[in-house]
Structure formats: C-alpha cells, structure tokens
Amino acid sequence: MDPKSLKLSPSEFNYMKIKILGTRGKIEPSARGYKNHSGILIDGKILIDVGESEYMEYDLEAVVFTHFHPDHAYFVSQQEKFSSEIALFGPEAQEFVPNLTVVSEKFNIGEYQFTPVPVIHALKLKSLGYVIQKGEKSIFITGDVAWIEKAEREQLPKVDLVITEATFINKGGRINRKKDRIFGHTGVPDLIRILSPMAGKIVFTHYGNWFFENVEDGLKKIKVLEEDVPLIPAKDGMEIEI
Ligand SMILES: [Zn+2]
Ligand SMILES: [Zn+2]
C-alpha cells in the first residue's frame, strides 16, 4: 500500500494524546499495573507495537512495529498469521505479517509524519525507532535499544517527549558482542545521557527484572536519576498529553 494514499479521520485537537498500554519487558515477573507487554497508542488510532493481542481491539487506523520480538509482536511466539485490514508498517519483512509495508525513509500516516531511526538492538532482527510529528508536536519512540549511533542521534530534532525502555537500571545495561556486532539493551543511565539533549521529557517503559523486585523502589531508582529533563516512569494504561 502507498502510505501517501492513506486517509485518516482528521484530529479535532492540535495536541497528541499518548497512551502507554504495556510496560513489561520480555520477562516472567509482572506486577499489578505493570503486566502488559509493549504497545503505545497515539491519539487512539495509531498503535506502535502489539505486545498483546487485545491491543487490536482499539479502533485503529494503522500499526507500526519497532521490531519483531514477541514482546512487541505477540503473534511471533504463537507462530500465527497477523492479518489486518489496516495499514501495517515495520523495519523488515516478517513471515507472519503478509501485508506489511517495509519502511526505511520518512513516511506519512494521515497528518502524522514518521521518521524511522535505525536502532541497534538484536543480532538477527532489524529495529527502528520513530520520530512522529503532528503539527507542532513531536515524540521519539526508541523501541528496545542496545545503542543508537551518534550520527543518527545528531540528525534527530528536539522533541516534546521521548519514550524509551528500562530493561536494565545499571549503567551499561547488558550488551552482548559477536564479532564486530553488539546487541542487547543499554542501561537507563546511558539512555538518559544520550537522549536528554533532544528530549523535553523522557518516559520509561519496558521494565526488566530489577523493577519487579520492588516496584516502589524501582520507581525511585528512576526518579533519582532525574537532572534537567523530567523522567516519567510509565504504568500500564498511563496517558500523557503533549
Ligand atoms: Zn522488548
Ligand atoms: Zn527486543
């Protein structure tokens, strides 16, 4: 499908409403309010990642995938076809998503302009973050991150909000190496350092095991890292307007 031919119902508002549907990473533990896997809903109609099948019950007009790990694409672990009448976008072809439009350059979904940002994360999968702009408002959703190259970061605009991940609270996270490749997840302190220059605020989601040892302490462990840029630990269903 040619994305430019997509017609979405126009928004009545000039703000963006972002709902974090799920905050749990690809781990066993969960807690009340932090149970669902990845999914971010924009203005009630564009879904970024489908960590739970229920997310498709929203009145969606498009779905955009950051990458095809099962906590971002529930159907991968179930080995079932994901077909939908609406437009589907992602970083690379996926056998379970026959109608996917593969993106690497800027594209539009209605009045939303998407700029894909290459993100290093997995050895065998491509990953993209997305800068999403609507009028004066903009956000950057990183997806899972081992690293974002400096050359990519330098091209990013200043955005109202960055939504990133919190698999590891320790500096450095857990990075694996194979030959000249790295993969895995960097740490929350590293993400704050590299994303703060572009971010009005930073929302954390995709919590790892460390968070579920004690949720109250987990929330504090993020807040103590706050300096110039407000840090917001997300909860399942949390809504933010920008
Ligand atoms: Zn993940
Ligand atoms: Zn992943």
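1. Let's start with a pair of residues: Ile202 stands opposite Leu231 in β15. The strands involved are β14 (residues 202–207) and β15, which run parallel and are joined by 3 bridges; strands count as paired when DSSP finds at least two bridges between them. Strands here are DSSP runs of E with at least two residues, helices are runs of H or I with at least four residues, and both are numbered from the N terminus. Please keep in mind that this is a predicted model, in which local features need pLDDT of at least 70 and side-chain atom pairs count only at pLDDT 80 or more, while totals for chains, interfaces and linings use all residues. Residues are numbered from 1 along each chain as its sequence is written, and chains are lettered from A and ligands numbered from 1 in the order in which they are written.

2. The sheet around that pair is open and has 7 strands in the order β7-β8-β9-β10-β11-β14-β15, with mixed pairing. β7 (107–109) and β15 (231–233) each have a single partner strand, so one side of each is left without a neighbour in the sheet. From one strand to the next, the twist averages 25°. Angles run from 0 to 180 degrees between N-to-C directions, and axes are lines fitted to C-alpha atoms, for helices over the stretch in contact.

3. Two helices deserve a look here. Helix α3 (residues 188–195) packs on the sheet, where α3 touches β11 (161–166) and β14, and the direction of α3 makes about 160° with that of β11. Helix α5 (residues 215–223) also packs on the sheet, touching β11, β14 and β15; the direction of α5 makes about 165° with that of β15. Contact means that the C-beta atoms of two residues, placed from the backbone, lie within 7 Å.

4. Which residues does Val162 touch, leaving out those up to four places away in sequence? They are Phe140, Thr142, Leu195, Met198, Ala199 and Ile202. Val162 is also listed among the residues with the most contacts inside the largest nonpolar core, together with Ile40, Val64, Tyr130, Ile132, Ile139 and Ile141; this core has 61 residues. A nonpolar core is a set of buried Ala, Val, Leu, Ile, Met, Phe, Trp, Tyr and Cys residues joined through C-beta atoms within 7 Å. As general background, nonpolar side chains tend to be buried together in soluble globular proteins.

5. Another open sheet of 7 strands has the order β6-β5-β4-β3-β2-β1-β16, again with mixed pairing. The edge strands, each pairing on one side only, are β6 (100–102) and β16 (238–241). Neighbouring strands of this sheet are turned by 20° against each other on average, direction ignored. β5 and β6 pair in the parallel sense over 3 bridges, and Leu88 has Leu100 in β6 as its bridge partner.

6. β1 and β2 (residues 39–42) run antiparallel with 4 bridges, and Lys19 stands opposite Leu41 in β2. Leu41 in turn has Leu47 in β3 as a bridge partner; β2 and β3 (residues 46–48) run antiparallel and are joined by 3 bridges. The hairpin of β2 and β3 has 3 residues between the strands, and Asp43 takes a positive phi near 50° there.

7. Lys19 is worth a stop of its own. This residue of β1 (residues 17–22) is partly exposed, with 18 other C-beta atoms within 10 Å. Buried means 20 or more such atoms, exposed means 12 or fewer, and partly exposed lies in between, with C-beta atoms placed from the backbone. Beyond residues up to four places away in sequence, Lys19 touches Leu41, Gly237 and Glu239. Gln79, in the loop between α1 (75–78) and β5 (87–90), has a positive phi near 55° and counts as exposed, with 8 C-beta neighbours inside 10 Å. Lys179, in the loop between β12 (174–178) and β13 (181–185), has a positive phi near 50° and counts as exposed with 5 such neighbours. For context, most residues other than glycine have a negative phi.

8. Finally, the whole chain: 5 helices and 16 strands. The radius of gyration is 17 Å, close to the 18 Å that the globule rule gives for 242 residues, so the chain is as compact as a globular protein of that length. That radius is taken over C-alpha atoms, and the rule is 2.2 Å times the number of residues to the power 0.38. Buried residues make up 42% of the 242 residues.
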